[in-house]
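Here are my notes on this entry. Keep the structure open while you read them.

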Amino acid sequence: MAVSAAALLGIIGLLCGASVVAGEGEGDKWAVLVAGSSGFWNYRHQADVCHAHQILKAAGFPDDRVIVMRYDDVAQNALNPMPGVVVNRAGCLPTERDASTGEWDVREGCNVEVGCGRDYYGAAVSPESFINVLRGDVSAQRLFCEKINSDPTRFGGCEPKVLNSTARDKVFVAFFDHGGTHMLGFPAAWKYGAMRYVTAKDLRVAMEHMRSVDLYGELVLYIEACESGSMFNDILPQDVSAFAVTAADPFHSSYASDCGLRLGGVTMPCLGDLFSVNWMRDVTRPGHMKYETLEEDFDIVEEQTNLSQVCVYGDIESMASEHISSYLEYPTKPAGPRRAALRRHSSPRSGAAVPSLEAADAFLAASAIPELREELLARKRLREVAEANLAELAALLDVPQARGLHDIHDKSICHKKPDPSFADGAAGDDFFDCLRSTIDRFQDVCGILTAEDLTRSSSVFSRLCAARTAAQIERAMGTVCAPASV
Ligand SMILES: *[C@@H]1O[C@H](CO)[C@@H](O)[C@H](O)[C@H]1NC(C)=O
Ligand SMILES: *[C@@H]1O[C@H](CO)[C@@H](O)[C@H](O)[C@H]1NC(C)=O
C-alpha cells in the first residue's frame with residue numbers, strides 16, 4: 001500500500017522539524033533589525049528594515065528569533081500614495097493601476113510591509129531600548145515598555161523582547177539610519193524634539209557586556225549610516241568575535257538610493273539606501289546566500305556601493321571566510337559544493353543616488369504639498385539657529401570647523417585617524433562623556449538638531465571634545481547661546 005500523501009507530509013514535517021533542533025555544539029541564531037528614523041521623508045530606512053526582515057523570514061527565521069525596531073509611520077502615512085504598501089527598490093514601483101479597484105498594482109514580493117515585524121514601534125524605538133535589546137536586559141526593558149505602553153500621549157509600544165542568546169549563538173544586527181561621527185541616530189522623542197543617538201562608546205560597552213555574559217558566539221553587524229566607520233574605527237577590538245561592515249568610512253556620507261522617482265503625479269521619497277540595498281540584493285541572488293562568504297559579500301557590496309567607501313572592522317581574519325548563510329539562514333543548512341563562480345552583475349537602477357544628508361530636504365523641496373513645504377521651512381529654521389550657534393561656539397573656542405577630507409576611494413581611509421588634532425586617547429571615556437554632555441546641553445540651550453543637522457555637525461562636536469574639556473565648552477555655550485534661549 002502506498003503511504004498516503006498526508007502521512008508522507010507528516011514524515012517530512014517531522015524530519016524538517018528535527019533538523020531545526022541545533023546539532024551538538026551548534027548554536028542558535030538571532031537577528032536584531034533596526035530603523036532609527038521616523039517621518040515619511042525617511043521612508044527608505046523603514047523600507048530597508050522591512051526588506052531585511054522579509055529576507056530573514058524567507059530564509060527560515062522564526063519571529064521569536066528576530067527583533068524588529070521601526071517607527072512604523074510609513075505604510076499608513078497620509079502622504080503614502082500606496083496606502084499599506086512600502087517598497088525598497090525602483091523596480092518595485094508599480095506602473096499600472098488595477099482596473100477595478102483603482103489601486104496601484106504592486107508586484108508580488110515587492111511590498112516589504114507584508115509580514116514585517118514591529119516589536120518596538122513609535123516612541124519605543126529609542127537608544128535605551130536598542131541597548132537593552134543588545135544587552136539582553138529583560139528587566140530593564142520590562143520597565144521601559146511599561147512606561148511607553150502606559151503613555152497615551154505618545155504613539156508607540158513594545159513587549160520586552162530582548163536577545164536571549166548563548167555563547168554558542170550567531171547574532172546578526174542590521175541598522176539603518178542617519179549617523180554622524182561616533183554616533184547612530186534614533187527618532188526624537190517628539191516632533192522637533194532633541195535628536196537622540198547611540199554613541200560608539202554606548203555600542204562598544206553593550207558589545208563588551210554581551211560578550212562577558214555570553215550572549216553571542218559570533219556577532220555580525222551591517223550598519224547603514226553616514227560616517228558609520230567612526231562607530232568602530234580604533235574602537236572595535238579584533239579579538240571579540242565581531243565583524244562589522246559599514247556603509248561609509250569614518251568621514252563621509254552614505255548614500256540614499258532610488259531617489260526622486262514619481263508615482264502618478266507624486267514624487268516619492270528615496271526608496272532605499274545604496275549600501276543596504278546592495279547587500280540585500282547580493283544575498284538574495286540565487287545561490288549567493290548559501291555559497292557566499294562574508295568576505296565575498298563584502299567585496300561585491302563594496303564594488304557596487306560606488307559612492308561611499310564600505311569598510312569592515314573587527315575579527316576580519318577569523319570570520320571573513322564564514323558563510324553568510326550561517327547568519328542569515330535558519331536553521332543551518334551546511335554549505336554544499338560551490339555550484340559556479342559567483343556572477344557579478346551590475347545593478348540596474350533608475351532612481352538617483354543622493355547623499356543621505358540631502359535626501360529628506362530634496363524630497364520636501366520637490367513636493368507641492370503645503371504640509372511638506374512647512375516641514376522644510378521648519379527644518380531650515382532649526383538648522384539656521386543651530387548652525388550659527390555652533391559656528392560661533394567653535395570660533396570662540398578656537399576649534400576649526402572644517403576638516404581636511406581624505407580621499408574617498410581609498411580603503412585605507414577606513415582606518416585613518418580622525419584628525420591630527422584628535423590626540424591619542426581622544427576616543428576614551430572622557431571624550432565620549434564630553435560628546436554626550438555637549439550635544440545634549442547644546443540642544444537644551446543652543447538649538448535643536450534634526451537628524452541631518454546632527455550628522456552635519458557631529459564632526460564639529462567631536463573636534464570640540466577632542467580639543468577642549470566639557471566644562472570649557474559648557475562655559476562657552478553659556479556665552480554664545482544663553483541670551484537666545486529665553
Ligand atoms: C531565555 O532562554 C531560556 C533557555 O532557553 C529560557 O528558560 C528563558 O525563559 C528565556 N528567557 C526569556 C526572557 O525569554
Ligand atoms: C556607480 O554604479 C552605478 C551602477 O552600476 C553606475 O550607474 C554609476 O555611474 C556609478 N557611479 C560612479 C560614480 O562610478
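1. Start with one term. A residue is buried if 20 or more other C-beta atoms lie within 10 Å of its own. Remember too that this is a predicted model.

2. Which residues does the UniProt annotation "active site" cover? The unreviewed entry lists H178 and C226. They are spread over 49 residues of sequence, yet they cluster in space. The largest C-alpha distance is 6.0 Å.

3. Look at H178. This residue is found in the loop between β5 (170–176) and β6 (179–180). Is H178 buried or exposed? H178 has 32 other C-beta atoms within 10 Å, so it is buried. Leaving out residues up to four places away in sequence, H178 touches S37, G185, A225, C226, S356, A451, E452 and T455.

4. Now turn to C226. Its place is the loop between β9 (218–224) and β10 (242–246). C226 counts as buried because it has 31 C-beta neighbours inside 10 Å. Setting aside neighbours within four places in sequence, its contacts include H178, S356 and T455. Also among them are G179, G180 and A248.

5. Next, the nonpolar core. The largest one has 136 residues. V32, L33, V34, A244 and L328 have the most contacts inside it. Helix α2 (residues 43–58) gives the largest share of this core, seven residues. The core draws at least three residues from each of domain 1 (26–353) and domain 2 (356–485).

6. Take V32 as a case to trace. Apart from neighbours within four places in sequence, V32 is in contact with I67, V133, L134, L163 and V173.

Notes
Residues numbered from 1 in each chain as written. Chains lettered and ligands numbered in written order. Predicted model: local features only at pLDDT ≥ 70, side-chain atom pairs only at ≥ 80, totals over all residues. Core = buried A, V, L, I, M, F, W, Y, C linked by C-beta atoms within 7 Å. Buried ≥ 20, exposed ≤ 12 C-beta atoms within 10 Å, placed from the backbone. Helix = DSSP H or I, 4+ residues; strand = E, 2+ residues; numbered from the N terminus. Domains from an automatic or database assignment. Contact = placed C-beta atoms within 7 Å. UniProt positions renumbered as here; feature names shortened; annotations may be inferred.
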